[in-house]
Amino acid sequence: MAAERPRALLLDYAGVLTVPIGEALAAVCESEGIDPDSVRALIAAAYTGHPDGADIAALETGRMPLAEFEAAFASRLRSRPGAPPPVAAGLVGRMFAVLPRNPRMADAARRLRAEGVRTALLTNTWGGAEGHDTTALEELFDAVVLSHEVGMRKPDPGIYALAAARLGVPASACVVVDDLITNVLGAHEAGMRGILHEDDATTIAELEVLFGVRATAR
């Protein structure tokens, strides 16, 4: 018996609906005079349970105010040789300001939704400093699940279950697209299918096969 087609698509934000994180990271580190390895290490620590990542985990689940996080985060970052320490105030906003949108994935979500696929934004958020366009989100998604608002973060299976519940579908009917393998594995643990997003063309082709509809312009 053929597997039942999925009915819902859950998309990550940074790295899926924006340019790859690596590109943005290079840009912000250059502009802020930050050693990029120190940023990568802290972000990685947040997904391995290392104490160095505790502040990020607290921010993403709404347990640490943004201003407090920025002060702690800036103090942990190494500066490039000869560069002054990064200015804490507004640091996270400046980081997301150099994260251009990815119109191809947004268009794919829009087309799938028009074909009857339920869609949700499911993303770990840094205190809401991402500057999401509410109007744009309403155009693309039936539900929006932001980690700092719901007190859970990927890869906690609970946040995937919450997204499915808000869409009114079972976990088994959901496909998650994320650029972090840790979060894709979390989707699997929650009973969902997962796609590791590495490039637009491959991801969109996989979505078209799974949902059985076109996700690009003819």
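**Reading a residue and its helix**

Analyst: Leaving aside neighbours within four places in sequence, P36 is in contact with L25, C29 and R80; contact here means heavy atoms within 4.5 Å. The model is predicted, so local features need pLDDT of at least 70 and side-chain atom pairs count only at pLDDT 80 or more, while totals for chains, interfaces and linings use all residues. Residues are numbered from 1 along each chain as its sequence is written, and side-chain values use heavy atoms, with hydrogens and water left out.

User: In which element is P36 found, and is P36 buried or exposed?

Analyst: Elements are DSSP runs numbered from the N terminus: helices are H or I with at least four residues, and strands are E with at least two. P36 is found in helix α2. For burial, one reads the relative accessible area: under 20% is buried, over 50% exposed, and in between partly exposed (1.4 Å probe, protein chains only). At 15%, P36 is buried.

User: Which other residues of α2 are buried, and what covers them?

Analyst: Helix α2 spans residues 36-46, and its buried residues are P36, S38, V39, L42, A45 and A46. Their cover includes α1 (21-32), α3 (54-60) and α4 (66-76). R40, which also lies in α2, is partly exposed, with a relative accessible area of 42%. R40 and L77 are 37 residues apart in sequence, yet their C-alpha atoms are 10.0 Å apart in space.

User: What caps the N-terminal end of α2?

Analyst: D35 does so, with a side-chain oxygen 3.1 Å from the backbone nitrogen of D37.

**Reading the sheet**

User: How many strands form the sheet, and in what order?

Analyst: Two strands pair if DSSP finds at least two bridges between them. Here five strands form an open sheet with parallel pairing, in the order β3-β2-β1-β4-β5. The edges are β3 (143-146) and β5 (193-196), each with a single partner strand, so one side of each has no neighbour in the sheet. On average, and ignoring direction, neighbouring strands are turned by 20° against each other.

User: How many bridges join β1 to β2, and which residues stand opposite each other?

Analyst: Four bridges join β1 to β2 (residues 118-123), and the two run parallel. L9 stands opposite T119 in β2. Four bridges also pair β1 with β4 in the parallel sense, where V176 of β4 is the bridge partner of L10. From β4 to β5 there are again four bridges in a parallel run, and V176 has G194 as its bridge partner in β5.

User: Which way do the side chains of β1 point?

Analyst: In a regular strand, side chains alternate between the two faces of the sheet. In β1 (residues 8-11), A8 and L10 point one way and L9 and L11 the other, and all are buried.

User: Where is D178 found, and what joins its side chain to that of K154?

Analyst: D178 is found in strand β4 (residues 174-178). With a relative accessible area of 0%, D178 is buried. A polar contact is a pair of N or O atoms within 3.5 Å; within protein, one must be able to donate a hydrogen and the other to accept it, and residues adjacent in sequence count only if both atoms are side-chain atoms. The side chains of D178 and K154 make such a contact at 2.7 Å. Not counting residues up to four places away in sequence, D178 touches D12, V16, K154, N183, V184, I195, L196 and H197.

User: What is the form of the peptide bond from K154 to P155?

Analyst: That bond is cis, with omega near 10°. P155 lies in the loop between α8 (147-150) and α9 (157-167).

**Reading helix packing**

User: At what angle do α6 and α11 pack?

Analyst: Axes are lines fitted to C-alpha atoms, for helices over the stretch in contact, and angles between N-to-C directions run from 0 to 180 degrees. Helix α6 (residues 103-114) and helix α11 (residues 200-211) pack at about 10°, with axes 10 Å apart. That makes α6 roughly parallel to α11; the term applies under 35 degrees, while over 145 is roughly antiparallel, 65 to 115 roughly perpendicular and the rest oblique. The contact is made by R104, M105, A108 and L112 of α6 with D200, A201, T203, I204, L207 and F211 of α11.
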